[in-house]
Amino acid sequence: MEQLREKKGFICDMDGVIYHGNRLLPGVKEFVSWLQRENKQFLFLTNSAMRSPKELRQKLARMGLDVDEKHFYTSALATANFIRSQAPGCSAYVIGDSGLINALYEAGITFNDVDPDYVIIGETFDYNYDKICRAVTHVLNGAKLIGTNTDMTGPTEHGIAPACRAMVAPVELATGSKAYFVGKPNPLMMRTGLKLLGVHSAEAAMIGDRMDTDIIAGIESGLDPILVLSGVTTRDEVKRFPFRPRLILNGVGDIVE
């Protein structure tokens, strides 16, 4: 634990680590206060593409936590940056919420339901059969399929809910095309996160609640991998994976001395 506390930078997942739905998790306020008090560099790196950094800041503010926008980076931003680097000025058919739509718009990507270059899918409550059919048609006509992240499920106040990969799956199955996923554990997102953090990977920790995204991302990117049990993973489930976190904590509050 002392080794963890000495790290200069902390990359933290949000869902299942900082909050469940609209409920702040125990020990989070103390943890964020400790980060600020100890002058740690920290970044909330979330695979959720539903909200912008501004919306995430406002969400935490409603829960009583004041965190500046510069401390947030989302898979929506990572997806927009990736597509802008690959095909500047391209167009896309998008299934997603405001966080993804705004990020793509800011990256100069236009929206097209006739002959898009890409079909981009992120988490959204506005998901239906008609949109799946449109996405399938575009992919069969040559559009490239992108998913904002590989999360199959995510934690909510009411239990486990389908996430991005579950929403992309029908399009993959119907077209025979495999999506490219941009969010964790893709090194693209992790490298950008470290650049925003401004510290070397050896001096940073990755704190998350998922073995298949957070912990493997930390291991493969050279960060100290720390699992918290406040989200979707139980202690028994850890044994099923061929890799392990360095520490398993009940929640981020355990880090505070």
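Student: Helices here are DSSP runs of H or I with at least four residues, strands are E runs of at least two, and both are numbered from the N terminus. So where does leucine 227 sit?
Tutor: Leucine 227 is in strand β14, which covers residues 224-228. Keep in mind that this is a predicted model, where local features need pLDDT of at least 70 and side-chain atom pairs count only at pLDDT 80 or more, while totals for chains, interfaces and linings use all residues. Residues are numbered from 1 along each chain as its sequence is written, and side-chain values use heavy atoms, leaving out hydrogens and water.

Student: Is leucine 227 buried or exposed?
Tutor: Leucine 227 counts as buried because its relative accessibility is 0%. Buried means under 20% relative accessible area, exposed is over 50%, and partly exposed is in between, using a 1.4 Å probe and protein chains only.

Student: What does leucine 227 touch?
Tutor: Leaving aside residues up to four places away in sequence, leucine 227 has contacts including Met211, Ile215, Val238 and Leu249. Contact means heavy atoms within 4.5 Å.

Student: OK, which sheet has β14 in it?
Tutor: An open sheet of six strands, ordered β5-β4-β1-β13-β14-β15, with parallel pairing. Strands pair if DSSP finds at least two bridges between them. At the edges are β5 (72-74) and β15 (247-249); each has a single partner strand, so one side of each has no neighbour in the sheet. From one strand to the next, the twist averages 25°. Angles run from 0 to 180 degrees between N-to-C directions, and axes are lines fitted to C-alpha atoms, for helices over the stretch in contact.

Student: How many bridges link β1 and β13?
Tutor: Four, in the parallel sense, between β1 (residues 9-12) and β13 (residues 204-208). Cysteine 12 stands opposite isoleucine 207 in β13.

Student: Which helix lies across β4 and β5 at about 125° to β5?
Tutor: That's α3, residues 53-62. α4 also packs on the sheet, touching β4 and β5, and its direction makes about 60° with that of β5.

Student: Switching topic, where's threonine 46?
Tutor: In strand β4, residues 41-46. Threonine 46 counts as buried because its relative accessibility is 2%. Setting aside residues up to four places away in sequence, threonine 46 touches Asp13, Leu56, Tyr73 and Lys184, among others.

Student: What's the order of the five-strand sheet?
Tutor: β7-β6-β8-β9-β12, an open sheet with parallel pairing. Its edge strands are β7 (110-111) and β12 (180-181).
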